[in-house]
Amino acid sequence: MALAREDGLRLVRRYGAAERWLAVLVTTRTDGRPSVCVVNAGVLPHPVTGLDTVAFVARGGTAKLANLRANPYATLVFRAGWEWVAVRGPVDLAGPDDPLPGVELDRLLRDIYHAAGGDHPDLAEYDRVMAAERRVAVLLHPHHFTTNPAGTEHQETP
């Protein structure tokens, strides 16, 4: 069964909200092996195209960021109970070392934080920490979805 983009994004929103927007991130190391970690991610419009993306924030100097710079493609897996959805696609990076023309980084980092369920009492402090840690916005273009809808076997879109 092919999973349409809107159906996949609907599942991302449903499972993300159910589990505090935690997702498993899979990137590829330079040697071809997978690298896996957990991130907070949410759905929001891409700041340039306006199309929905699945986004998270990466701290500067991390393995996930090095992997994404070398191979800008990722998978995020959201789950709620035994149901899950994986979203795969190319990524755009926006950060101090990864400029994305026309993007106001402070605002984008805040927007991602809010989309992933965050609520900070002092946004000026939040901005300061993001700058000090050289945080980068990672915007995944959702091209493929994999899921296990209730009552069915594992299904993957082409």
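Start by selecting glutamate 83, which counts as partly exposed because its relative accessibility is 24%, where partly exposed lies between buried, under 20% relative accessible area, and exposed, over 50% (1.4 Å probe, protein chains only). The model is predicted, so local features need pLDDT of at least 70 and side-chain atom pairs count only at pLDDT 80 or more, while totals for chains, interfaces and linings use all residues. Residues are numbered from 1 along each chain as its sequence is written, and side-chain values use heavy atoms, with hydrogens and water left out.

Arginine 14 is itself partly exposed, with a relative accessible area of 43%.

Next, select glutamate 19 and arginine 79, which form a salt bridge whose closest N and O atoms are 3.7 Å apart. This pair also links distant parts of the chain, with glutamate 19 in the loop between helix 1 and strand 1 and arginine 79 in strand 4 (residues 73-80), 60 residues apart. Both residues count as partly exposed, glutamate 19 at 28% relative accessibility and arginine 79 at 41%. The structure holds 11 salt bridges, and one further pair, arginine 135 with glutamate 133, meets at 2.6 Å, N to O.

A pocket is found on a 1 Å grid over the protein atoms alone, as an open set of points where a 1.4 Å probe fits, with protein on both sides within 12 Å along at least five of seven lines, and its lining residues have an atom within 4 Å of a point. Of the 16 lining residues, the closest to the centre are Asn40, Val57, Tyr113, Tyr126 and Arg135. Strand 2, strand 3 (52-58), helix 3 (105-115) and helix 4 (123-132) each give two or more residues to this lining, and strand 2 has the largest share, 3 residues. By class the lining divides into 9 nonpolar, 4 polar and 3 charged residues.

For the second largest pocket, of about 160 Å³, select Leu44, Pro45, Pro47, Gly102, Val103, Glu104, Arg107, Leu108 and Asp111, which line it. Strand 2 and helix 3 are the elements that give two or more residues here, and the largest share, 3 residues, comes from helix 3. The lining has 5 nonpolar, 1 polar and 3 charged residues.

Finish on the surface by selecting Leu22, Val24, Val36 and Val38, which form a nonpolar patch with about 330 Å² of accessible area together. Patch members have over 30% relative accessible area and no salt bridge, and nonpolar side chains (Val, Leu, Ile, Met, Phe, Trp, Tyr) are joined within 5 Å. Strand 1 (22-28) and strand 2 (34-45) each give two or more residues to the patch. Is valine 38 buried or exposed? Valine 38, placed in strand 2, counts as exposed because its relative accessibility is 56%.

Note on methods: Patches are made of residues with over 30% relative accessible area and no salt bridge: like charges are joined within 9 Å, nonpolar side chains (Val, Leu, Ile, Met, Phe, Trp, Tyr) within 5 Å. Accessible areas come from the Shrake-Rupley method with a 1.4 Å probe; for residues, only the protein chains shown count as cover. A salt bridge is a side-chain nitrogen of Lys or Arg within 4 Å of a carboxyl oxygen of Asp or Glu. Helices (H or I, at least four residues) and strands (E, at least two) are DSSP runs, numbered from the N terminus. Ala, Val, Leu, Ile, Met, Phe, Trp, Tyr, Cys and Pro count as nonpolar, Asp, Glu, Lys and Arg as charged, and the others, Gly among them, as polar. Grid points are joined across faces, edges and corners, and a volume is the space filled by probe spheres set on the points.
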